[in-house]
Amino acid sequence: QVQLVETGGGLVQAGGSLRLSCVASGTIFNINDMGWYRQAPGKERDLVATITTGGRTNYADSVKGRFTISRDDLKRTVYLQMDSLKPEDTAVYYCTMSILGSGFPTGLAFWGQGTQVTVSS
């Protein structure tokens, strides 16, 4: 059974930094795209950043220049380095991976349980 587990959330003052990590476990043949989304209270879940197997990245305009997504395929891990944090970055952050495995050879999207990031002003 495939699971994604996020770590690294917490409370930080505006202007501070946090680094989120998300590790995949289980019977995994390969991992394609990875990404981070976030959901603030009363709002929809929005894309933050994605990264392809080739390392191509895509960012929401609101985080460009402040957040950096990266991946380590050997560790089955995706990271989100968040700098210059703002109160409006407060949300639950979710990682997602497109994973190929037994029973889903063409890929299936898996999600982590979410980690809370709170930025105080």
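**View 1. Arg45 over the ring of Trp111.** In this predicted model, Arg45 lies over the face of Trp111, 4.9 Å from the ring centre. Take a look at Tyr94 as well: the charged end of Arg45 sits over the ring of Tyr94, at 3.6 Å from its centre. As for solvent, Trp111 is partly exposed, with a relative accessibility of 38%.

View 2. Tyr37 belongs to strand S4 (residues 30-39) and Trp111 to strand S10 (residues 104-111), so the pair links distant parts of the chain, 74 residues apart. Tyr37 is partly exposed, at 22% relative accessibility.

**View 3. Phe104 and Phe110, a tilted pair.** These rings have their centres 5.3 Å apart, and their planes stand at 55°, so the pair is tilted. Phe104 counts as buried at 16% relative accessibility, and Phe110 counts as buried at 16% too.

**View 4. The disulfide of Cys22 and Cys95.** You will find one disulfide in this model. The sulfur atoms of Cys22 and Cys95 are 2.0 Å apart, which puts them within the 2.5 Å cut-off, so the pair counts as a disulfide. The link is right-handed, with 45° about the S-S bond. The pair links distant parts of the chain, 73 residues apart: Cys22 in strand S3 (residues 18-25) and Cys95 in strand S9 (residues 91-101). Cys22 is buried, at a relative accessible area of 0%, and Cys95 is buried at 0% relative accessibility.

Methods. Residues are numbered from 1 along each chain as its sequence is written. This is a predicted model: local features need pLDDT of at least 70, side-chain atom pairs count only at pLDDT 80 or more; totals for chains, interfaces and linings use all residues. Side-chain values use heavy atoms; hydrogens and water are left out. Helices (H or I, at least four residues) and strands (E, at least two) are DSSP runs, numbered from the N terminus. Buried means under 20% relative accessible area, exposed over 50%, partly exposed in between (1.4 Å probe, protein chains only). Rings of Phe, Tyr and Trp (its six-membered ring) pair if their centres lie within 6.5 Å; planes under 30 degrees apart count as stacked, over 60 as edge-to-face and the rest as tilted. A charge sits over a ring if NZ of Lys or CZ of Arg is within 6 Å of the ring centre and within 35 degrees of the ring normal.
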